[in-house]
Amino acid sequence: MQENLQKLNFMDRSDFAGIKETVKELFGKSEDAFVKPPFYCDYGKHIEVGKNFFANYNCTLLDVAKIKIGGNCQMAFNVAIYTAGHPIHPVSRNSAYEYGKEVTVGDNVWFGGNTVVCPGVHIGDNVVSGAGSVVTKDIPDWCIAAGNPCRVIRKITEKDRRKLFRDEAIDGEAWQDILERMDF
């Protein structure tokens, strides 16, 4: 595993096919996954990603326990998912004891830049996590969540379908392009 991680992090950034193949070797199971190096993980073999997974620069997936990520998930730069933890009390913590708690992420999730997901968290389908979020608790389906600690801001509704940024609408030409790319 460490060899594949080393290989990925020192590859020519324009070798897209090579990067995809190395990511597939690293994760073991992935379909059309792409990771922009540098990328960091403990083992790789405990990471399972769905179809069309994308992670931007400097992603860290500490996979002491299983990390399961659904299809069509996207991570902006500096996203980190941690499954490792340590006891709270200093006597126990100083023993160097470490535990792992699985993290699961549903389908169609987008993590904004610098999001951190803590051990044991479960994130539903169709969730957007705002930049800089520290996710310490589960997030239900169809939500926008943000903050430190991360909390649900609101539900995602049909009114959001044609929104681009805040209240700015996706223009007609771009909307047509989106429709041609997707299966609705």
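**Entry 1: helix 4**

I started at Arg181, which is exposed at 64% relative accessibility. My cut-offs, with a 1.4 Å probe and protein chains only, are under 20% relative accessible area for buried, over 50% for exposed, and partly exposed in between. Before going on, I noted that this is a predicted model, where local features need pLDDT of at least 70, side-chain atom pairs count only at pLDDT 80 or more, and totals for chains, interfaces and linings use all residues. Residues are numbered from 1 along each chain as its sequence is written, and side-chain values use heavy atoms, with hydrogens and water left out.

What does Arg181 form a salt bridge with? I found Asp177, with the closest N and O atoms 2.9 Å apart. I count a salt bridge when a side-chain nitrogen of Lys or Arg is within 4 Å of a carboxyl oxygen of Asp or Glu. Arg181 and Asp177 are about one helical turn apart, because they sit four residues from each other in helix 4 (residues 172–181). Helices are DSSP runs of H or I with at least four residues, strands are runs of E with at least two, and both are numbered from the N terminus. Asp177 is partly exposed, at 32%.

**Entry 2: the other salt bridges**

I wanted the total: how many salt bridges does the structure hold? There are eight. As a reminder to myself, side chains of opposite charge can pair when their charged atoms come close.

One of them joins Glu25 and Lys7, whose closest N and O atoms are 4.0 Å apart. This pair links distant parts of the chain, since Glu25 is in helix 2 (residues 16–27) and Lys7 in helix 1 (residues 2–9), 18 residues apart. I looked up accessibility for both: Glu25 is partly exposed at 37%, and Lys7 is partly exposed at 41%.

Next I checked Glu158 and Arg161, whose side chains meet in a salt bridge at 2.5 Å, N to O. Glu158 is exposed, with a relative accessible area of 55%, while Arg161 is partly exposed at 41%. I also noted a network of salt bridges that links Arg154, Asp160, Lys163 and Asp167.

**Entry 3**

I moved on to the rings. A pair of aromatic rings is described by the distance of the centres and the angle of the planes. My rule takes rings of Phe, Tyr and Trp (its six-membered ring) with centres within 6.5 Å, calling planes under 30 degrees apart stacked, over 60 edge-to-face and the rest tilted. I got three aromatic pairs by this rule.

Phe27 and Phe39 have ring centres 5.8 Å apart and planes at 70°, so I logged the pair as edge-to-face. Phe27 is in helix 2 and Phe39 in strand 2, so the pair ties together parts 12 residues apart in sequence. Are Phe27 and Phe39 buried or exposed? Both are buried.

Phe27 also pairs edge-to-face with Phe53, at 6.2 Å centre to centre and 70° between the planes. Phe53 sits in the loop between strand 3 (47–49) and strand 4 (54–55), so this pair ties together parts that are 26 residues apart in sequence. Phe53 is buried, as is Phe27. I put Phe27, Phe39 and Phe53 down as one aromatic cluster.

**Entry 4: strands**

I then traced the strand pairing, where two strands pair if DSSP finds at least two bridges between them. Strand 2 (residues 39–41) pairs with strand 5 (residues 59–62) in the parallel sense over three bridges. Tyr40 has Thr60 in strand 5 as its bridge partner. Strand 5 also pairs in the parallel sense with strand 8 (residues 80–82), over three bridges, and there I found Leu62 opposite Tyr82.

I found an open sheet of four strands in the order 3-6-11-14, with parallel pairing. Strands 3 and 14 are at the edges with a single partner strand each, so one side of each has no neighbour in the sheet. Strand 11 (residues 103–105) runs parallel to strand 14 and is joined to it by two bridges. Val105 stands opposite Ile123 in strand 14.

**Entry 5: Asp125**

Last, I looked up Asp125, in the loop between strand 14 (122–123) and strand 15 (128–129). Asp125 is partly exposed at 29%. Which residues does Asp125 touch, not counting those up to four places away in sequence? I listed Gly106, Asp107, Asp141 and Trp142, with contact meaning heavy atoms within 4.5 Å. The side chain of Asp125 reaches the backbone nitrogen of Asp107 at 2.8 Å.

Notes
A polar contact is a pair of N or O atoms within 3.5 Å; within protein, one must be able to donate a hydrogen and the other to accept it, and residues adjacent in sequence count only if both atoms are side-chain atoms.
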